[in-house]
Amino acid sequence: MQAKGWWKRLTATGLLMAAPVLAWAQAADPHRWQLNMGRGVTPSSVNAYEAHMIVLIICVVIGVLVFGAMGYAMWKFRKSKGAVAAQFTHNTTAEIIWTTIPVVLLIAMAWPATAKLIAMYDTRDAEITVKVTGYQWMWKYEYLGEGVEFTSRMDQESDRIRQSGERVDPEKNPYYLLEVDNRLILPVDTKVRFVITADDVIHAWWVPALGWKQDAVPGIINEAWASIDTPGVYRGQCAELCGKDHAFMPIVVEAVSKEEFARWLAAQKPAPAAEPAPAAVDEAPVEDEQAPAAPADQA
Ligand SMILES: [Cu+2]
């Protein structure tokens, strides 16, 4: 009874201690002292996480079996017990077994990994396309076909702190160097295709929660996609050494509901000031001489 109670307490303590670790593993953005890979918020990141977990479990099982067998053999057949080593050199059966099992394991791991990799690069049927251009030292985002584009650079507060040389208080500035002036707003549950390039040197666009990292190379268009399943703010950084301010071109993705995204996108579109009549058509038939006044009414 005594031993049982002790065991229960130990298990409960272990679970309590493991809880934050498990929670960390589930968080989208990386955390300090994070132990496991993050699960992320896109099919690609979940695929990567699952592939990683499968391989990790296989490795743990192999490790336990191999080291367990070694430990057992060393203890059971120790010299002080009068063990005498066998003298044979080859054993065809053992060799076939220890060749076949790894081959089967490798195929079993390569099969799903290949399928996941192919899915990761399949950018077809995307609902929207965002062009990402890396600059020294900021990002430019263009919602292709929407006429919406803006640049995104590190926020002024981070810049002020870094220039001032003052000590950063992580309580006060939890997103020091990880906040931007203009976030990349994206809708959830929408396949977003990214076309990624650069204007000067090689950068890399990387948001860990999306599950991939893509080089931004001048003169080359790289592709990637994401379909974010959870609304939230996901942070990343340039991941290719691109010059003296490489560390100061963060990325912030804000995933919002489809409706919210539609509203935001509409608000970003330039006012139709340049084009006269069409904007007012659904209001009422517009006379020619009234047309120039219509955009002003709209605004
Ligand atoms: Cu860069």
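The legends below describe close-up views of a predicted model. Residues are numbered from 1 along each chain as its sequence is written. Because the model is predicted, local features need pLDDT of at least 70 and side-chain atom pairs count only at pLDDT 80 or more, whereas totals for chains, interfaces and linings use all residues.

**View 1. The five-stranded open sheet.** The strands follow the order β3-β2-β1-β5-β8, with mixed pairing; strands (E, at least two residues) and helices (H or I, at least four residues) are DSSP runs numbered from the N terminus, and two strands pair if DSSP finds at least two bridges between them. At the edges stand β3 (148-152) and β8, each with a single partner strand, so one side of each is left without a neighbour in the sheet. From one strand to the next the twist averages 20°, where axes are lines fitted to C-alpha atoms (for helices over the stretch in contact) and angles run from 0 to 180 degrees between N-to-C directions.

**View 2. Strand β1 and its two partners.** Strand β1 (residues 128-135) runs parallel to strand β5 (residues 192-198), to which it is joined by seven bridges, and pairs in the antiparallel sense with strand β2 (residues 138-143) over six bridges. With two residues between them, β1 and β2 form a hairpin. Gly-134 has Ala-198 as its bridge partner in β5 and stands opposite Trp-139 in β2, while Lys-131 has Val-195 as its bridge partner in β5.

**View 3. The largest nonpolar core.** This core has 36 residues, and those with the most contacts inside it are Val-132, Leu-186, Phe-194, Tyr-234 and Val-253; a nonpolar core is a set of buried Ala, Val, Leu, Ile, Met, Phe, Trp, Tyr and Cys residues joined through C-beta atoms within 7 Å. A residue is buried if 20 or more other C-beta atoms lie within 10 Å of its own, exposed if 12 or fewer, and partly exposed in between, with C-beta atoms placed from the backbone. The elements that give two or more residues to the core are β1, β2, β4 (184-187), β5, β6 (203-207), β8, β9 (232-238) and β10 (251-256). Leaving out residues up to four places away in sequence, Leu-186 touches Val-192, Ile-228, Val-253, Ala-255 and Phe-261, a contact being a pair of residues whose C-beta atoms, placed from the backbone, lie within 7 Å.

**View 4. Helix α2 and its buried residues.** The 34 residues of helix α2 (residues 43-76) should span 50 Å at 1.5 Å a residue, which agrees with the 48 Å between its end C-alpha atoms; the expected span is 1.5 Å times one less than the number of residues. The number of buried residues among the 34 is three, so α2 lies largely in the open. Ser-44, Ser-45 and Ala-48 are buried in α2, and the buried residues of this helix pack against α3 (92-120), β7 (212-216) and β8 (222-226).

**View 5. Met-120 in helix α3.** Met-120, found in helix α3, counts as partly exposed because it has 18 C-beta neighbours inside 10 Å. Its contacts, leaving aside neighbours within four places in sequence, are with Ser-44, Asn-47 and Trp-212. The C-alpha atoms of Met-120 and Ser-45 are separated by 9.1 Å, although these residues are 75 residues apart along the chain.

Key: Two residues are in contact if their C-beta atoms, placed from the backbone, lie within 7 Å.
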